[in-house]
Amino acid sequence: MNTQLNTATPDDTGAGWLVAARFSLAFIVLTGLIFPVLTALAGELLFPKQAQGSMIERDGRIVGSALVAQPFAADNYFHPRPSAANYDPHALAGSNWAPSNPALQERISASSAAIAATEGVPANTLPVDMITASGSGIDPHISPAAARLQAARVARARGLELSQVQSLIDAHTQSATFGFVGQARVNVLQLNLALDAAQR
């Protein structure tokens with residue numbers, strides 16, 4: 001019978017641990033420091049606007065981001081979809097409530113009634129994105145149908161012709177990315193800023 005003896009000495013074992021420790025440290029520095037710094041620098045160089053948060057500036061001050069929803073409640077502005085994160089970009093999240101959850105059903109029922117009363121339409125005609133939060137919790141877009149639903153209210157509050165408001169909606173409707181990814185959408189902040197600019 002052949003017997004294989006362990007000929008490793010204590011010094012060999014210590015050297016192995018040292019090699020492993022050095023490799024681990026080098027890998028941590030590479031993936032935890034060098035790679036993130038390089039990708040951040042590349043983002044700043046190639047996509048400077050996006051890397052800074054796609055901020056929107058008006059009259060020399062930042063009014064928001066094209067990527068983050070913010071609440072609008074006044075009648076003369078278009079309203080965004082509900083936010084499970086309370087429009088907080090540091091708390092990105094959906095509600096994670098299942099459709100069968102009574103709390104979700106109660107919230108949707110209350111929201112539907114309130115929006116229907118505000119817009120003067122039956123609750124069962126509301127676009128779904130007006131009563132459901134997005135997966136991120138801060139989606140800055142609504143559907144063109146949700147924008148058109150609000151057009152009459154906004155036009156009345158601003159003393160504008162309905163056709164003027166509808167034209168602004170059309171001008172700010174973005175088609176699906178590459179023509180097939182996602183759906184047509186309207187950025188609420190950009191539409192509201194266009195409304196303000198049209199009345200200057």
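Start by selecting Arg-153 and Glu-119, whose side chains meet in a salt bridge with an N to O distance of 2.9 Å. Arg-153 lies in helix H4 (residues 144-158) and Glu-119 in helix H3, so this pair ties together parts that are 34 residues apart in sequence. A salt bridge here is a side-chain nitrogen of Lys or Arg within 4 Å of a carboxyl oxygen of Asp or Glu. Helices (H or I, at least four residues) and strands (E, at least two) are DSSP runs, numbered from the N terminus.

This is a predicted model, in which local features need pLDDT of at least 70 and side-chain atom pairs count only at pLDDT 80 or more, while totals for chains, interfaces and linings use all residues. Residues are numbered from 1 along each chain as its sequence is written, and side-chain values use heavy atoms, with hydrogens and water left out.

Stay with the first pair. Arg-153 counts as buried at 4% relative accessibility, and Glu-119 counts as buried at 11%. Buried means under 20% relative accessible area, exposed over 50%, and partly exposed in between (1.4 Å probe, protein chains only).

Next, select Arg-158 and Asp-196, which form a salt bridge of 2.8 Å, N to O. Arg-158 is in helix H4 and Asp-196 in helix H6 (residues 188-198), 38 residues apart, and the pair links distant parts of the chain. Arg-158 is buried at 12% relative accessibility, whereas Asp-196 is partly exposed at 27%.

Now select Asp-139 and Arg-81, another salt bridge, with 3.7 Å from N to O. Asp-139 sits in the loop between helix H3 (102-119) and strand S3 (141-142), and Arg-81 in the loop between strand S2 (61-65) and H3; the two are 58 residues apart. Asp-139 is partly exposed at 23% relative accessibility, while Arg-81 is buried at 13%. The salt-bridge count comes to four.

Move on to the sheet. Three strands form an open sheet in the order S3-S5-S4, with antiparallel pairing. S3 and strand S4 (173-174) stand at the edges, each with a single partner strand, so one side of each has no neighbour in the sheet. Two strands pair if DSSP finds at least two bridges between them. S3 and strand S5 (residues 185-187) pair over two bridges in the antiparallel sense. Select His-141 to find its bridge partner in S5, Asn-187. Helix H6 packs on the sheet, touching S3 and S5, and its direction makes about 60° with that of S5. Contact means heavy atoms within 4.5 Å; axes are lines fitted to C-alpha atoms, for helices over the stretch in contact, and angles run from 0 to 180 degrees between N-to-C directions.

From His-141, go to Leu-162: their C-alpha atoms are separated by 21 Å. Leu-162 is found in helix H5 (residues 162-171) and is partly exposed, with a relative accessible area of 37%. Leaving aside neighbours within four places in sequence, Leu-162 is in contact with Ala-151, Ala-152 and Ala-155.

End at the largest pocket. Select Phe-72, His-79, Pro-80, Tyr-87 and Ile-115, which lie nearest its centre among the 17 lining residues. H3 gives the largest share of the lining, four residues. A pocket is an open set of points on a 1 Å grid over the protein atoms alone, where a 1.4 Å probe fits, with protein on both sides within 12 Å along at least five of seven lines; lining residues have an atom within 4 Å of a point.
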